[in-house]
Amino acid sequence: MRRLGIHSFVWTGGQSQEGLEEALRKTAEHGYRTIEFAYLRPEKFNLDKLAKLAQSLDVEIGVTMGLSLDKDVSSENSDEVAGGKAVLADAVKAVRDIGGNKLGGILYSAHTKYNRQPTKKGWDNSVAAIAKTADIAKASGVDLVLELVNRFESNLLNTTAQGLRFIEETGSDHVRLHLDTFHMNIEEANPAAAIRLAGDKIGYFHIGESNRGYLGDGTINFDLIFDALLDVDYQRDIVFESFSTTVVDEGLSLACAIWRDTWTENDPLAAHAKRYIELKMDEAKRRRATNARSA
């Protein structure tokens with residue numbers, strides 16, 4: 001069943017338990033049925049309390065993250081790869097313990113702008129690490145989804161074609177793609193065609209505008225995006241993602257180059273995004289019905 005969600009960074013920088021609990025409440029208040037958290041360290045947050053609050057609000061939890069350079073599973077350094085595998089295993093367990101249903105993001109490399117090309121050995125190390133993590137995730141009842149991001153945030157997986165090749169090499173039926181309209185708008189020659197190419201391998205979908213702000217206030221053609229989602233019968237989560245220096249923490253601001261306020265008030269932003277996504281999906285359904293009648 002398709003559920004609309006929102007990234008917790010619309011509500012909070014994520015540094016405190018109280019901030020995450022308020023993000024859950026605001027998510028439910030606006031009618032979203034899933035929330036995306038950044039990696040939750042068990043030693044810092046009360047995961048059981050967050051899980052119980054989410055359950056009481058009927059809000060599902062997904063978690064996304066990126067690896068650091070010293071824990072890069074696409075490295076040729078065996079210690080860095082081993083450290084990354086440990087981080088991924090711990091992240092899966094944290095998602096399980098919070099009652100979450102997925103782990104996504106840049107799990108296959110560091111979240112950074114690289115100054116080199118990826119290597120064959122690094123690619124193979126990453127494939128093996130994700131295959132192992134997929135086994136852990138499957139046993140834990142956690143979906144594993146790999147976010148395809150732009151060239152400035154990873155050097156390994158930037159396009160759907162690359163992602164499909166990567167998950168095929170893992171040999172796992174438990175790894176899917178995490179597509180994001182912001183990144184696709186940069187890297188894909190035709191984002192709608194990329195969605196159709198991915199088909200049932202899409203496990204998670206981010207809706208974000210080209211300027212990271214209000215939907216419809218940038219250059220992305222969302223009509224084509226929603227037509228393609230209908231064509232592949234996408235039934236999994238659609239989550240709104242938007243970053244502004246008003247909320248986003250310093251680490252993510254640096255990694256994602258968030259240098260300005262794309263918005264200053266989160267309640268109007270969240271309300272607008274939900275209406276916009278629902279409107280665009282309804283319009284796509286009407287176009288499909290009209291085309292079927294005229295065929």
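Trainee: Does helix 8 pass helix 10 in a left-handed or a right-handed crossing?

Mentor: A crossing is left-handed if the near helix is turned anticlockwise from the far one by less than a right angle, and right-handed if clockwise. Here helix 8 passes helix 10 in a right-handed crossing. This is a predicted model, in which local features need pLDDT of at least 70 and side-chain atom pairs count only at pLDDT 80 or more, while totals for chains, interfaces and linings use all residues. Residues are numbered from 1 along each chain as its sequence is written, and side-chain values use heavy atoms, with hydrogens and water left out.

Trainee: At what angle do helix 8 and helix 10 pack, and how far apart are their axes?

Mentor: Axes are lines fitted to C-alpha atoms, for helices over the stretch in contact, and angles run from 0 to 180 degrees between N-to-C directions. Helices (H or I, at least four residues) and strands (E, at least two) are DSSP runs, numbered from the N terminus. For helix 8 (residues 222-231) and helix 10 (residues 266-294) the angle is about 65°, and the axes lie 9 Å apart.

Trainee: Which residues of helix 8 and helix 10 meet?

Mentor: Contact means heavy atoms within 4.5 Å. Helix 8 contributes Phe222, Asp223, Phe226, Asp227, Leu230 and Asp231, and among their partners in helix 10 are Tyr276, Lys280 and Arg287. The contact residues of helix 8 with helix 10 divide into seven nonpolar, no polar and eight charged. Ala, Val, Leu, Ile, Met, Phe, Trp, Tyr, Cys and Pro count as nonpolar, Asp, Glu, Lys and Arg as charged, and the others, Gly among them, as polar.

Trainee: Why are helix 5 and helix 7 roughly parallel?

Mentor: Angles under 35 degrees count as roughly parallel. Helix 5 (residues 160-170) and helix 7 (residues 191-198) pack at about 15°, with axes 9 Å apart, and are therefore roughly parallel to each other. Their crossing is right-handed. Thr160, Ala161 and Leu164 of helix 5 meet Ala194, Leu197 and Ala198 of helix 7. That contact has five nonpolar residues, one polar and no charged.

Trainee: At what angle do the axes of helix 1 and helix 2 cross?

Mentor: Helix 1 (residues 17-29) and helix 2 (residues 47-57) cross at roughly 10°, their axes coming within 10 Å. Helix 1 and helix 2 are therefore roughly parallel too. Helix 1 uses residues including Gln17, Leu20 and Arg25, and helix 2 uses residues including Lys49 and Leu53. Seven of the contact residues are nonpolar, one is polar and three are charged.

Trainee: How many strands close into the barrel, and in what order?

Mentor: Two strands pair if DSSP finds at least two bridges between them. Eight strands close into a barrel in the order 1-2-3-4-5-6-7-8, with parallel pairing. The twist averages 30° from one strand to the next. Strand 4 (residues 102-110) and strand 5 (residues 143-147) pair over two bridges, and Leu103 stands opposite Leu144 in strand 5.

Definitions and conventions
Angles under 35 degrees count as roughly parallel, over 145 as roughly antiparallel, 65 to 115 as roughly perpendicular and the rest as oblique.
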